Amino acid sequence: MSDTKHVVLIHGTWCRGDSWGPARAAFEERGYIVHTPTLRYHELPLQEGVMKIAPLSMRDYTDDLVALVDSLDSPPLIVGLSLGGLLAQLVAARTRHAGVVAACPAPAAGIFAATPTTLRSDGSLLVRHYLQPRPWAKPLYPPTWERFRRWITNGQTEEVAREFFADLVCESGRAYCEMLFPFLDRGKATTVDFAAVTTPVLVLRGECDRLVPPQVAPKTAARYQRGTHVGIPHSDHLVFSGEALPVTMRHIDDWIARNHVLAIA
């Protein structure tokens, strides 16, 4: 087996692999070969990718990522943020891997806990999408700057928030319907086989995250045999950005050391 340390970083909604810039550098400083895949068609300019992205399933994303992980010469650490945090779990259940970090993960099927705050944020960001005819066939456009700043980058500096916002693309309406209405999805695209993941799993939550309900992270960690939940103080949804990044990386370093993740036999 290769002694190369691989990490696969899976981005979240409206983003691309390039959004991992500072986090990529942090993992590279630690000796990892870093893979930052861009979800299918997300590399296209916003308007060019609109109708190609709209009908994609979470299963399409998962299949692409499984193929990447299976192509590596040693089991990687799989890290995902938000939508990517759910995808990281779906991929881990189908691949050989060293461990999983699910940061501010979107809830898997069967895990949901809404609060008044998150309902307000969802109302600002998503409800309009679901009120239109056949939302599963329509693209989910990025939010306005004002909503993005209030609900997603509420703990970031203006500079970090602007940089993130400038590169947003459309997301799949079908994927979001699969997440919001898993009971209607015969393909079970967001159903994680928790028992299949026997490696250590770290679930992170930004303590000032206004987007993901606070109960999702601990409930997710509890589903795993070797699950751990950690809160990142003062952080919003973007725990791998700005001042939150070094704090997040310290928690990941400690978790890796305690659980002997990626230890070479």
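Predicted model: local features only at pLDDT ≥ 70, side-chain atom pairs only at ≥ 80, totals over all residues.

Visitor: Why is C104 called buried?

Guide: The label buried needs under 20% relative accessible area, while exposed needs over 50% and partly exposed is whatever lies in between (1.4 Å probe, protein chains only). C104 comes out at 2% relative accessibility, so it counts as buried. Residues are numbered from 1 along each chain as its sequence is written, and side-chain values use heavy atoms, with hydrogens and water left out.

Visitor: What makes the backbone of C104 worth a look?

Guide: Its phi is near 45°, a positive value in a residue other than glycine. C104 is found in the loop between β4 (99-103) and α5 (116-125); helices (H or I, at least four residues) and strands (E, at least two) are DSSP runs, numbered from the N terminus.

Visitor: Which other residue has a positive phi although it is not a glycine, and is that residue buried or exposed?

Guide: That's H260, with a phi of about 55°, in the segment after α11 (244-259). Its relative accessible area is 61%, so H260 is exposed.

Visitor: How do you know that S82 is buried, and what does S82 touch?

Guide: S82 has 9% relative accessibility, so it falls on the buried side. It lies in the loop between β3 (77-81) and α4. Contact means heavy atoms within 4.5 Å, and S82 touches G12, A103, C104, P105, A106 and H237, not counting residues up to four places away in sequence.

Visitor: What makes helix α4 (residues 83-92) mostly covered?

Guide: The count: 10 of its 10 residues are buried. Among them are G84, Q89 and V91.

Visitor: How many residues are in the largest nonpolar core, and which element gives the largest share?

Guide: A nonpolar core is a set of buried Ala, Val, Leu, Ile, Met, Phe, Trp, Tyr and Cys residues joined through side-chain atoms within 4.5 Å. The largest one has 81 residues, and those with the most contacts inside it are F27, M58, Y61, L77, V79, L87 and F240. Helix α4 gives the largest share, seven residues. As for V79, its contacts beyond four places in sequence include V8, I10, W20, F27, A88 and F240.

Visitor: How many aromatic pairs are there, and why is F148 with F165 called tilted?

Guide: The search of the whole structure finds seven. Rings of Phe, Tyr and Trp (its six-membered ring) pair if their centres lie within 6.5 Å; planes under 30 degrees apart are stacked, over 60 edge-to-face, and the rest tilted. F148 and F165 have ring centres 5.3 Å apart and planes at 50°, so the pair is tilted. It links distant parts of the chain, with F148 in helix α7 (residues 145-151) and F165 in helix α8 (residues 158-165), 17 residues apart. F148 is buried at 2% relative accessibility, while F165 is partly exposed at 24%.

Visitor: And what makes F181 with F183 edge-to-face?

Guide: Their planes are at 80° and their centres 6.2 Å apart, so the pair gets that name. F181, at 29% relative accessibility, counts as partly exposed, whereas F183, at 66%, is exposed.

Visitor: What sits over the ring of W145?

Guide: The charged end of R162, 3.8 Å from the ring centre. The rule asks for NZ of Lys or CZ of Arg within 6 Å of the ring centre and within 35 degrees of the ring normal. The charged end of K5 sits likewise over the ring of Y32, 4.3 Å from its centre. W145 also forms one aromatic cluster with F148 and F165.

Visitor: Last one: what makes a void a cavity, and what lines the largest cavity?

Guide: On a 1 Å grid over the protein atoms alone, a cavity is a set of points where a 1.4 Å probe fits but cannot get out, and lining residues have an atom within 4 Å of a point; a pocket is an open set with protein on both sides within 12 Å along at least five of seven lines. Grid points are joined across faces, edges and corners, and a volume is the space filled by probe spheres set on the points. The structure holds one cavity of 30 Å³ or more, and about 40 Å³ of space lies in the largest cavity. Its lining includes C104, P105, R205, D209 and V216, with β7 (201-206) and α10 (216-222) each supplying at least two residues.
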